[in-house]
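Please read it alongside the model shown here.

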Amino acid sequence: MLSYLRAPLAGLRSQQVVFDTIAHNLSNINTNSFRRLQVDFADVIYRQIQPVQDQPPTARNLSGGVLPEAIPRSFALGHFEVTGDPLDLAINGEGFFQTQLADGRIAYTRDGSFAVDANGRLVTAAGNPLLPEVQVPEDATRFYVYPNGAVFVQRGAADRADAWQQIGQLQVAVFPNPQGLISVGANQFVATPAAGAPQVGTPGDLVPGEANLRFGEVLFATLESSNVNPAVETTTMLMAQRAYSVSARTLQVLDEMLAGAANLRR
Amino acid sequence: MIRGMYAAAAAMLAQMVRQQVLAHNLANVNTPGYRQDRVSLRQFPLRPISAPDVVPDRPVAVSAAGLPLGQMATGVLADLPSLNLQQGPLRETGEPLDMAIVGPGFFAIQRPDGVFYTRDGRFVRNAEGFVSDEAGGIVLGQDLQPIAIPAGTLHVDAAGMIRADGVVVGQLGVFTFPPDADIEKIGINLLRVTGAPQAADPVLTTVHQGFIEFSNVDVTQSTTEVLAALRSYEASQRLLQMQDQLLERVVGEVGRVG
């Protein structure tokens, strides 16, 4: 009997996932380089009802409903904001910075709000060192990163104007299918077989084997904003709300019908 | 009278089936490419009924072949749901591999268990570089082969031609079927079609990049039908109860002495 209620129930549950996702997106609207999530639905596998004797089956696809099929991320670029902080870097185009997690795994992030840790290494906001490592000399006074990822510093007091000296080279990793990456929080992703093997290269270079794809160039003193658009989220929420209430209404009606059947013998 | 009870019960069951199909449609109002199911009701086979053959010298006698009165239907059942293949509304997403079909036709998806068809055009480039759907099925081109695409910016024209930097790298396959083809839903937005696929007519059918086609469920009509099904269920239920009351009288009161 409860199978009657499955379809509207699935409708309610699925729309609930949309509300949760929108809440997540909107709460990250000011998170640097956050990539918005969206919920994609699919109808559920249909159940074959056994026909009665030689009658054609009365209903081939009863029950059913809907389920969230995937919650992909949109990897569309956010917009770039010049912050003026020399340790803020953004990738203008495809790719991720690589960092090393505490457990040794490599994580990928587009959030370039870097800092220098106690050991002089360039680290992410979460404190994980950037790969390949960039060691900033203690007496460095000025810091500059070229679009091709070359990191230069000037040492000593500004008025003495030492020569600029290269201390490192940033690299960018590009995945065949970034949708396959798994978020591990703090704006970081880890690779999965679905994402494919990353190609690592110098910003601005062509990705090997790809005719028209380049590793994204580095923007200096700039951060990328989230790609959450409040107008899109609000529209999605309105649609989810309508879908939710229509499923709630069908649930109510089916309940009324079942109550009617239960009260046949009064 | 018992026959009437069965007719009322059959009507209740049929309305319940209709309600379930409507609930399923309404649960999928936001499912891209979903095609609405339609329920039609069908009467049970008609059967002839006869009047009791009244003979003057006996109060009531019923002969085997009484006076034919006509035919009577004894109930109703919900028929197989059929698919409404009307165009659904397009929604812009801006995602480069979201495709919508306008006009008749389906995308072909190769899965380990066969080729299936769908109107749900949310595609991605998988780890091997092929166009695939979100469940991992491979999208087939016009030549029924997987389409390998380079990363980076792609342009897809109305005929489904995929270009990277002006160079054609493949063509999305859009297929139509003869009108008598049997189309069956198997879930996850896929349809199983028995029938020979033909390339869709490029005049009638166009592909739109950066859009998805939405579910074609008509919410207004479906909600109205939900109410209609509820009321006709209630009417049948009332009928069943009344017949039950009549039966109760027959059993309890007819022939009672004193």
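Is Phe175(A) buried or exposed? Phe175(A) is buried, at a relative accessible area of 2%, where buried means under 20% relative accessible area, exposed over 50% and partly exposed in between (1.4 Å probe, protein chains only).

The model is predicted, so local features need pLDDT of at least 70 and side-chain atom pairs count only at pLDDT 80 or more, whereas totals for chains, interfaces and linings use all residues. Residues are numbered from 1 along each chain as its sequence is written, chains are lettered from A and ligands numbered from 1 in the order in which they are written, and side-chain values use heavy atoms, with hydrogens and water left out.

**Aromatic cluster of chain A**

Over all chains, the structure holds 14 aromatic pairs; rings of Phe, Tyr and Trp (its six-membered ring) pair if their centres lie within 6.5 Å, and planes under 30 degrees apart count as stacked, over 60 as edge-to-face and the rest as tilted. One of these joins Phe96(A) and Phe175(A), whose ring centres are 6.0 Å apart with planes at 75°, so the pair is edge-to-face. Phe96(A) sits in the loop between strand 4 (89-92) and strand 5 (97-100) of chain A, and Phe175(A) in the loop between strand 13 (172-174) and strand 14 (182-185) of chain A, so the pair ties together parts that are 79 residues apart in sequence. Helices (H or I, at least four residues) and strands (E, at least two) are DSSP runs, numbered from the N terminus.

Phe96(A) is itself buried, with a relative accessible area of 4%. Phe96(A) also forms an edge-to-face pair with Phe189(A), at 6.0 Å centre to centre and 70° between the planes. Since Phe189(A) belongs to strand 15 (residues 188-190) of chain A and Phe96(A) to the loop between strand 4 and strand 5, the pair ties together parts that are 93 residues apart in sequence. Phe189(A) counts as buried at 6% relative accessibility. One aromatic cluster is formed by Phe75(A), Phe96(A), Tyr108(A), Phe175(A) and Phe189(A).

**An open sheet in chain A**

An open sheet of five strands in chain A has the order 9-5-6-15-14, with antiparallel pairing; two strands pair if DSSP finds at least two bridges between them. Strand 9 (130-131) and strand 14 of chain A stand at the edges with a single partner strand each, so one side of each lacks a neighbour in the sheet. Strand 5 and strand 9 of chain A run antiparallel and are joined by two bridges. Within strand 9 of chain A, Leu131(A) is the bridge partner of Gln98(A).

**The two chains**

The C-alpha trace of chain B spans about 100 × 35 × 30 Å along its principal axes.
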